[in-house]
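Please open the model in a viewer and keep the selection tool at hand.

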Amino acid sequence: MLQKYVPGRSLRSSASGLLVVPRTSTKMFGVYFLGKYAQKKIREIQEKEATEYIAQARRQFHFESNLRTCNMTVLSMLPPLKEAIVSQLNSESLTALLKTKPANKLEIWEDLKIISFTRTIVGVYSTCMLVVLLRVQLNIIGGYLYLDNSVGKSMTAPLAPPDVQQQYLSSIQHLLGDGLTELMTVVKKVVQNSLGGMSLKQSLSLLELEQQLSWIRAEVEAGSGRPLSWYMLADDENALADQACGLTENDAVTIRLLNETRDMLDSPDFTTVLNACLNRGFSRLLDNLAEFFRPPPGDSAPSFAPDSLSAVSLPLAKIIPIINGQINTICSETPSHFVQDLLMNDQVKEFAANVYETFSTPQELQK
């Protein structure tokens, strides 16, 4: 016969002596263990979130450091870029000849006209290309270095060993070499078609000069039948292998990096970003030229008037030296407004972040 239950006192079966636990106590034990389980899961979630936050903060810090490195690399590459342009489009020798008052003075002026415009336009193109190409290359390398430092310790081989980095980054020489030479040839031909028949005495306003530059841009970018990326990276795999400095055990890794770079350069996003850079670059060039087209002191026409771009005209012979000197601003190793505009462009920075994000995720290890 069962004992009568008295609250607060344990009951035992008269037959077996087993403890009889009240139903309310069972529920309390269940709640207790459920609470412990929930606390454990919450701690695990919090620890996971903290780990992910630390990893994200570390990756963000690494990206920002990589961005600064990229900016410094661009500035360090501008002097050799300028030297390559000036050595092949040497207007200084023509200027020196003009000072000797030669008999073929007009012919030399015509050559100076074409070379001055060509090298300035090539300077804008190549500087924009350099900025965007290095953004791609250094963020691909930066992403792989992040992976090497975070998970690479357990791997048999790093994704981007130092010799591969050197081989890969040496591909920039195409832009400073064969690519630049071909770009000069294309631009010079278009400039000749645009300005070759224009008299040195003909006056141009800033608006008319802008129209000439726009026409030249359209012909260079659409008329050559080649994408602008062609001037930035060699097109065929054999040339890529040559750029990679050839026969080493890391050739396959270097070629993979170069092919990944080619894929990025052929993407619509890259085209959009490069066009944004070119638009800003030519706009900044016109801003620099505008300083020489200001109305004379006391002129009643305000400089901000809608027709102010047409208010002042200069003979082409006076515009040539102005255009010729712009290469020193465009390819300046000290941060000029021109270069700063390109480096700080929001679209360029966002694109760089996307490249870094793509190549700094562990999923890339599966490719």
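Begin by selecting R226 and W230: the charged end of R226 sits over the ring of W230, at 3.9 Å from the ring centre. The model is a predicted one, and the distances quoted here are computed from it.

The rings of W230 and Y231 form an edge-to-face aromatic pair, with 5.5 Å from centre to centre and 90° between the planes. Are these two residues buried or exposed? W230 counts as partly exposed, at 24% relative accessibility, whereas Y231 counts as buried, at 0%.

Return to R226, which also belongs to the lining of the second largest pocket. To display that lining, select E221, R226, P227, L228, S229, L265, F270, T271, L274 and N275. The volume of this pocket is about 160 Å³. Which element supplies the largest share of its lining? Colour helix α10 (residues 268–290), which contributes four residues. By residue class, the lining comprises five nonpolar, three polar and two charged residues.

The last stop returns to the aromatic residues. The structure holds four aromatic pairs. Another of them is formed by Y144 and F359, edge-to-face, at 5.6 Å centre to centre and with 75° between the planes. Show helix α3 (residues 105–150) for Y144 and helix α14 (residues 346–359) for F359; the pair links distant parts of the chain, 215 residues apart. Y144 is buried, with a relative accessible area of 1%, and F359 is buried as well, with 5%.

How values were computed:
Residues numbered from 1 in each chain as written. Predicted model: local features only at pLDDT ≥ 70, side-chain atom pairs only at ≥ 80, totals over all residues. Heavy atoms only, no water. Phe/Tyr/Trp six-rings, centres within 6.5 Å; stacked < 30°, edge-to-face > 60°. Helix = DSSP H or I, 4+ residues; strand = E, 2+ residues; numbered from the N terminus. Buried < 20%, exposed > 50% of the residue type's maximum accessible area, 1.4 Å probe, protein only. Lys NZ or Arg CZ within 6 Å of the ring centre and 35° of its normal. 1 Å grid on protein atoms, 1.4 Å probe; cavity = no way out; pocket = protein on both sides within 12 Å on 5 of 7 lines; lining within 4 Å. Points joined across faces, edges and corners; volume = space filled by probe spheres on them. Nonpolar A, V, L, I, M, F, W, Y, C, P; charged D, E, K, R; others polar.
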